[in-house]
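The points below are meant to be read alongside the structure.

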Amino acid sequence: MSNSNLECINEYIESHYQGGLIGISILVDFCQQPMWKIYSAIKTLESQGKVKIVTRYFCPESHPIPNDNVPFCPACDLRYSEVDIVTIVYINPIVNQQVNYSK
Ligand SMILES: [Zn+2]
């Protein structure tokens, strides 16, 4: 795997990150790479301890579903088919382990 995706994600974190979670689709747009390549890169970053991958699930009505409840949506009081559940992957950068270049 080329390092360019890793560099691109690091660049995004260093120049744009303002706290919270980063949606993988933002990285896909920023790096202009297909989802699977970005996903592969963030798996590498996770194995290096630089980010934590967070997966969130939503029902077709866009309600967030607690991970333990999938595919049952408490807000709808309905059990959905797994294929109807929307999965969104985020990364949580572990910023306090990064070198601070500004000093
Ligand atoms: Zn729902």
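1. Basis of the note. The model is predicted; local features need pLDDT of at least 70 and side-chain atom pairs count only at pLDDT 80 or more, whereas totals for chains, interfaces and linings use all residues. Residue numbers start from 1 along each chain as its sequence is written.

2. Length of helix 3. Helices (H or I, at least four residues) and strands (E, at least two) are DSSP runs numbered from the N terminus. Helix 3 covers residues 35-47, and its 13 residues should span 18 Å at 1.5 Å a residue; the end C-alpha atoms lie 18 Å apart, which agrees. The expected span is 1.5 Å times one less than the number of residues. After the helix comes Gly49, with a positive phi near 75°.

3. A residue is termed buried if 20 or more other C-beta atoms lie within 10 Å of its own, exposed if 12 or fewer, and partly exposed in between, with C-beta atoms placed from the backbone.

4. Packing partners and core. A nonpolar core is a set of buried Ala, Val, Leu, Ile, Met, Phe, Trp, Tyr and Cys residues joined through C-beta atoms within 7 Å. The largest one has nine residues, namely Ile9, Ile22, Leu27, Ile38, Ala41, Ile42, Leu45, Val51 and Ile91. Helix 3 supplies the largest share of this core, four residues.

5. Ile38. Which residues are in contact with Ile38, leaving aside its neighbours within four places in sequence? They are Asn5, Ile24, Leu27, Val28, Cys31 and Gln33, contact being defined by C-beta atoms, placed from the backbone, that lie within 7 Å. Ile38 has 23 other C-beta atoms within 10 Å and is therefore buried. Leu27 and Ile38 are 11 residues apart in sequence, and their C-alpha atoms are 7.1 Å apart.

6. Four strands form an open, antiparallel sheet in the order 1-6-2-3. Its edge strands, strand 1 (22-23) and strand 3, each pair on one side only. Pairing requires that DSSP finds at least two bridges between the strands. Strand 2 and strand 6 are joined in the antiparallel sense over eight bridges, and Ile53 has Ile91 in strand 6 as its bridge partner.

7. Backbone points to inspect. Most residues other than glycine have a negative phi, and most peptide bonds are trans. Ser62, in the loop between strand 2 and strand 3, has a positive phi near 70°; Ser62 counts as exposed because it has 9 C-beta neighbours inside 10 Å. Asp77 lies in the loop between strand 4 and strand 5 (78-79) and has a positive phi of about 55°. Asp77 has 7 C-beta neighbours inside 10 Å and so counts as exposed. The peptide bond from Val70 to Pro71 is cis, with omega near 5°; Pro71 is in the loop between strand 3 (64-65) and strand 4 (72-73).

Terms used: Two residues are in contact if their C-beta atoms, placed from the backbone, lie within 7 Å.
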